[in-house]
Amino acid sequence: MKKPEETATTGADLLVKALIDEEVEVVFGYPGGAVLPIYDSLFKQNKLRHILVRHEQAAVHAAEGYARSTGKVGVVLVTSGPGATNAVTGLTDALMDSIPLVCLTGQVPTHLIGNDAFQEADTTGITRPCTKHNYLVKSVDALSRTVHEAFYVARSGRPGPVVIDLPKDVLMNKHDYTAPDMPVQHKSYRPVTKPDAKKIEQALELIANAKKPMFYTGGGVINSGARASKLLTQFVHMTGYPITNTLMGLGSFPASDKQFVGMLGMHGTYEANLAMYHCDVLINIGARFDDRITGKLAEFSPHSKKIHIDIDGSSINKNVRVDLPIVGDAGQALEDLIKLWKARQPKVDQKALKAWWAEIDKWRGRDCLAYKQGKDVIKPQFALERLYHHIKDRDHYITTEVGQHQMWAAQFLKFEQPNRWMTSGGLGTMGYGFPAALGVQIAHPEALVIDVAGEASIMMNIQELSTAAQYRLPVKIFILNNQYMGMVRQWQELLHGGRYSESYSEALPDFVKLADAFGAKGLRCHEPSKLDDTIKEMIAIKGPVIVDVAVDKAENCFPMIPSGAAHYDMLLGPEDRAARPVSEEGMVLV
Amino acid sequence: MEVASSHTIAVLVDNEPGILARVVGLFSGRGYNIESLTVAQTNAKQNLSRITIVTAGTPMVVEQIKAQLDRLVPVHKVHDLTLEGPHIERELALVKVKGVGEKRAEALRLADIFRAKVIDTKTDSFVFEVTGASDKVQTFVELMGSLGLVDVGRTGIVAMTRGGEAF
């Protein structure tokens, strides 16, 4: 029998072993004093790959991109103090969008905690409201168990980011390793995944008897796994009902399918929003009635019976009172619904459904995403349509930054599969897209990964060009350059009398030279007629590329439900906006 | 319009560092009220604490508060005692009163009526311990107001369901 000292290893080695046992392949991080023991352990092994970013926020976004495109838990490693505080934006982003992450933060040694030591921050205090859960590991004997528990918490139920704060002495002290328990039996955290059978029956009844039904599905379907998207598609096909997706849900149902009426919400399609308003049964699966979706709450889908399936009980009845709340996993609920539908073979009122589709098709006929492409200036919508044309037959992934370009990307790029669309939906983090694209590319080295960006957003994490160069990550940054923080400009135009306060992108870099400086390739395009060639060239280049597309500076993103307005009250184009000023209640909303 | 009402919620949690901050942070971060809060370990073997929170809100808000509490990882159980049927609420207060002569005698008489115990005395002061429902404690404190009240410490409410069921 071995003596304990012989089997015992340092906390840092235990940590690395635990990560490997949790099937981690990649860690996105940045070293510093407090995490040096972990970096030393990483140095001595070759199972875990470490990707060195240039800013901790980017490490988190990269891990988010990795997680969202693979369905696995993303892992981040940062040092104490500024390392941890820089990660906060990314953690909040992951919390809002339910992305499973484990973020390891260094901490000063336990005897110095609370002494205002060098690079000390109250990391668990700071990250408490922006994580699903966090831990401060005070002793090495709790380390491996805590890591396994953190992975369980991050990926189960409604996924989210989990921080493990690791004092340096804990990383250096020795202890035996504890392997993960399978299956995990957490003492208090046991999310409900199996929906109540009676409620599924009630749901089926409501769904089958609807005259004007509407599926409204979100990121919960994607988080449930690829199978859930298949089941959703199957169930929607079985019913013949229309479906809309939230921003986070795009790809869970094929965008080219004729039952898909487009994204809903503030910049959603006319047909999706009107169908939401007029439907009589609303089937929400894995979406959370976010304010960007509902618009004016008092007039949100006022005639419908509402079913809400969500794995997070706190998402139900938070903003909108529903008639049938069902707590459970989206995929599991869909499986149960399909089984019951097959068993019961309910008779859908086909006449009513036909009339409902006729109504929807009339709204579709408005062609709400129409724009006029002239000869001289590239319209951003046109740029994205052409981009989609050239990538649609390739294995591709899209990330975005935040703003107008993000909404246009959601409107004009079509997502046929889940996990192909990475965007900061809840927090709306400018600077998300590029590092997220790096994470996606790490996970899918052969795929075409494109960050659709604005010239303002891309500047927020532009330093990551260095990461792209170091790992030869052939990410394509497709900048729709209108020389404005476009969405800010749009709101200033609509709400603040056209006073474009600080929204002009002054002193922009020469993106072609910038790319060159980082060892990437830069392309520029001004003319509509050259756009196709530019996009083809971008795709053909093996390494990272920045494409600077000069687009119409004044173009606004339509349709738009002005804040505080109801679904039927959409602005469809520039001609609409003067007629309907935004209400005072609307002005205070974000 | 839904009307706001007061709810007493009992929460069973792991007794670990930061748990109170998690609960209190949830209330402050989401803009909920805390009218009263008590917390102490109640099960040493399993290292569990019981938190009793009195909060107020519309039914939708109270439902939301419970759902938010329930999804905290170290939370085992959340019970809305106000909704779940008859329950008992008790509070303890220490009330310090200073005075001589008739005021002192009156304070002692009232304490007797309220079944408050004298737990400290000097020739010119008392510390009373009074337990009961919050309104009883409140009334006692108010009565002492004119009899030389110096200071009050209150525990906040602890509560339990009637009958043999847990919670």
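In this predicted model, D312(A) touches R158(A) and R71(B) when residues up to four places away in sequence are set aside, contact being defined as heavy atoms within 4.5 Å. D312(A) lies in the loop between strand 13 (305-310) and strand 14 (324-327) of chain A, where helices (H or I, at least four residues) and strands (E, at least two) are DSSP runs numbered from the N terminus. With a relative accessible area of 5%, D312(A) is buried; the term buried stands for under 20% relative accessible area, exposed for over 50%, and partly exposed for values in between, with a 1.4 Å probe and protein chains only. R158(A), D312(A) and R71(B) are linked in a network of salt bridges, a salt bridge being a side-chain nitrogen of Lys or Arg within 4 Å of a carboxyl oxygen of Asp or Glu. The side chains of D312(A) and R158(A) are also joined by a polar contact of 2.8 Å, that is, a pair of N or O atoms within 3.5 Å, of which, within protein, one must be able to donate a hydrogen and the other to accept it, residues adjacent in sequence counting only if both atoms are side-chain atoms. D312(A) and P159(A), 153 residues apart in sequence, are 9.6 Å apart in space from C-alpha to C-alpha.

Residues are numbered from 1 along each chain as its sequence is written, and chains are lettered from A and ligands numbered from 1 in the order in which they are written. Because the model is predicted, local features need pLDDT of at least 70 and side-chain atom pairs count only at pLDDT 80 or more, whereas totals for chains, interfaces and linings use all residues, and side-chain values use heavy atoms, with hydrogens and water left out.

The contact between the chains takes 20 residues from chain A and 18 residues from chain B. About 1500 Å² is buried between chain B and chain A, with carbon and sulfur atoms giving 49% of that area; buried area here is the accessible area (1.4 Å probe) that two parts lose on being put together, summed over both. On the side of chain B, the residues that lose the most area to chain A are R22(B), M60(B) and V73(B), which together account for 42% of what that side buries. Between the two chains there are three salt bridges, and seven residue pairs are in polar contact, both residues being at pLDDT 80 or more. Helix 1 (19-30), helix 2 (59-70) and strand 4 (75-80) of chain B each supply at least two residues of the side that touches chain A, and helix 2 gives the most, with six residues. By class, that side of chain B has eight nonpolar, four polar and six charged residues, with Ala, Val, Leu, Ile, Met, Phe, Trp, Tyr, Cys and Pro counted as nonpolar, Asp, Glu, Lys and Arg as charged, and the others, Gly among them, as polar.

Among the pairs that cross between the chains, E63(B) and R321(A) meet through their side chains in a salt bridge (3.1 Å, N to O). K187(A) forms a salt bridge with D14(B), in which the closest N and O atoms are 3.6 Å apart; this pair runs from the loop between strand 8 (174-175) and helix 9 (197-208) of chain A to strand 1 of chain B. K187(A) is exposed, with a relative accessible area of 53%, whereas D14(B), at 5% relative accessibility, counts as buried.

Over all chains, a search of the whole structure finds 29 salt bridges. One of them joins the side chains of R155(A) and E22(A) (3.3 Å, N to O), and this pair links distant parts of the chain, with R155(A) in helix 7 (residues 143-155) and E22(A) in the loop between helix 2 (11-21) and strand 2 (26-29) of chain A, 133 residues apart. R155(A) is partly exposed, with a relative accessible area of 36%, while E22(A) counts as buried at 11%.

D552(A), in the loop between strand 20 (545-550) and helix 23 (574-577) of chain A, is buried, with a relative accessible area of 18%. The side chains of D552(A) and K379(A) are joined by a polar contact of 2.8 Å.
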